[in-house]
Structures are given as structure tokens and as C-alpha cells.
Amino acid sequence: MEDFSTYYLCMSANTPSDAASKPFGTVFGDVMALAEFDGSAWSEPRMVGTSELVLHPGTHALHYGSSCFEGLKAHRQPDGSVATFRAHRHAERMFGSAERLMLPPPPVALFERMVADTVAANADITPDAPGSLYLRPTIIGTEQNIGAAARASNTAMFYVLASPVGQYFAGGSLRLAVETKLPRTTPQFGMVKTGANYAMALSVLAEAKDRYNADQVLFAPDGYVEETGAANFLVLADNTIITPPLSDGYLHGVTRDTILTLAESLGFSVEERPLSVSELLALAAEPTTEIVLSGTAAIVAPVGTLISEGAEHRVGGTDTGTQTQKIRDLVTQMQQGIAERPTGW
Ligand code: PLP
Ligand code: COI
């Protein structure tokens, strides 16, 4: 491991409570785990200072988008330790993202080890709840070759960036613009966590913000709901959770899976089925309906308004309704080690 004692000296400005009050993702831990793929194998991971990466201007990822990432959190536990939530599942998803982008998939054990090393090195700057340590495992294709447009990068770098965070959404209920014409990304890449998917959604989001003061866009290509730009979408219709079935077209959220796994114990039944925008608007009009976004950053965030074809539709049980609160409480209590979590989480 490199000597990073000097990095600790810089940390006084980054106290955990400072970090939690800054915009999400703008404060970084001073050390991170890093490994390199040399064309045949991953190196042993090492801890390095979080500083500028030196990349050649011809780096494959900068030209041909050979990069993918994960987002997971570690939370302070009642005994003061810091524990990740469902790291294994995130490791599996990153393996799949890398495979689909023809990047060398990092073995699950390597991912878990690098996440654990990064958490241990940044435990001191992990804010107390509701704050946490957000982890951003990232792989980039590093081959220096601008001619390699039609093939994968031979080499890659994998690092786990850490960011002490507070809340992603400031609170209150969200305004979503429903987009039925433009997809978020392409049908075969929606399930991949890669930057290009986010870039493709940017102009749609910017327009929805400008025109409707929307917080997010709900993508519903051909009139069927998929997800928003940074979270999955679930309708709580009385005691039933309705959410679209998994497909390659959208991200298979770990938080979505957590909620669906816990649903029965919370008294919900689950319907994973196609949901049209017209059915959604009818459900939203019911006084007891609640709608939530789910995601690592978002956790479980209430949706208050849907804007469809320029018309505003208030969601029945707006603000954080009782059903939303029930789900959010159990998820956050498991993350914080207050409620028992299933084995392997
Ligand atoms: N969909 C998109 C596009 C996302 O960026 C995220 C966030 O990671 C999610 C869904 C939710 O996924 P998860 O719950 O695994 O964070
Ligand atoms: C996450 O929730 O981990 C995401 O990747 C969303 C991102 C916009 C912060």
C-alpha cells in the first residue's frame, strides 16, 4: 500500500458533517482502491490517493465510451463500524455491465475486496445517518489507440471512489415529466450502468426542467413506463406494488430488488407487469395511491406530480405518505444495522 499519510492531513476540512451538507457527490475521500488490467489479468489492488488520473488524450474510454460504473453505499452501524449494503449484488451487476461493454469484468471477489478496502480507509469520514459513504466503483478502457473504434480496449483501470454524502433529494415530493416519445437509451443497453446512457438523457431532462420545472423525467417509450434518469419507478396502489418487469431496456436496481424482496413482510403484494401511462394516470388519481422512485442515491423518494402532455396530475397520497414511509424506514433501518437484514445483504 502506498504511503498516504499526507492525504489524511488534508482531511480536517472534510469532516463528516461538513460533507453531508454539501451537494451530493462533490466531496471525496482522500484514498481509493485501484487495480489495472494489463491485457491478460487484473493486478493486485492497491490504495492510492484520490487525485487527478493521468490519462493519455488517446485513451479508449475518452473516445469510444468504454467505461461503466456502480453506485452503492456504506453506512455507520450502531457499534460505530461502517458496513456496505448489498455489495455482492452491485458486484454482479458491474460484472454484467463490463461484459456487455467488452471491458474485462472484475471478479466479484476483487470488487468486494476493493470496496471493503476503500470503506475501511474512509471510515473516519463516513457521516452518521441520514448521511453515508457513497462508493463509485468505475472501470475505464485505458488503451491508447484512437484507431480502435471497432474493437475493445486491451487494457483497463478499475478504481473505487468514495464520497461522503447527505441526501440526494432535498426532501418534499418530486415532479416528474412523462416522456413517451424518446427513450432514455437504447433497448439493449438500458440495463448497463454506463455514462453514455446518462449523457443520452441529458437534453430531455434539461428541456423538462425548463418547460415544467420537473425534477426528473419518467421515460415511458411507446407509452409504457420504464424508469427515470437516475432511479426506478414503483406505484404503491393500496397494498400492491406495481412496477414494470425487468428487461434489458432499463437498469435492474438493487433498491428496487430490496423493496420487492421485503414487500411481503411489509404487507404488500407485488405486480411486476407492463404499466401504461394511461393506467398510471388513472392510478395516480386515486386518493390512496403513492408513487416512489427507488435508487441507491434516491433511497425511496416520493413523487407528488406527474406532468403528461403538458398537463399536471397530482398523485393521490402526496408528500411522504404512510406506505412510502413504511418502506423507506425498513430499508434505511437495515442499511444502518438497526433492523436485521437477510443473509448476504
Ligand atoms: N435507474 C438508473 C438509471 C439509475 O441510475 C439508478 C441508480 O443507480 C437506478 C435505476 C437505481 O438502481 P440502484 O437501486 O441499484 O441504485
Ligand atoms: C445511484 O443511485 O447510485 C446513481 O447512480 C444515481 C446517480 C445519479 C447518483
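The C-alpha centres of domain 1 and domain 2 lie 27 Å apart in this predicted model, whose chain is divided into domain 1 (4–165) and domain 2 (174–335), with bounds that come from an automatic or database domain assignment. Where the domains touch, the contact (heavy atoms within 4.5 Å) takes 20 residues from domain 1 and 20 residues from domain 2.

Between them, domain 1 and domain 2 bury about 1800 Å², of which 57% is on carbon and sulfur atoms; buried area here is the accessible area (1.4 Å probe) that two parts lose on being put together, summed over both. In domain 1, the residues that lose the most area to domain 2 are Phe85, Arg93 and Arg100, together 36% of what that side buries.

The side chains of Arg89 and Asp257 meet in a salt bridge at 3.6 Å, N to O.

On the side of domain 1 that touches domain 2, strand 3 (67–69), strand 4 (72–76) and helix 4 (87–100) are the elements that give two or more residues, where helices (H or I, at least four residues) and strands (E, at least two) are DSSP runs numbered from the N terminus. Helix 4 gives the most to this side, with 5 residues.

Residues are numbered from 1 along each chain as its sequence is written, and chains are lettered from A and ligands numbered from 1 in the order in which they are written. Local features need pLDDT of at least 70 and side-chain atom pairs count only at pLDDT 80 or more, whereas totals for chains, interfaces and linings use all residues, and side-chain values use heavy atoms, with hydrogens and water left out.

Methods: A salt bridge is a side-chain nitrogen of Lys or Arg within 4 Å of a carboxyl oxygen of Asp or Glu.
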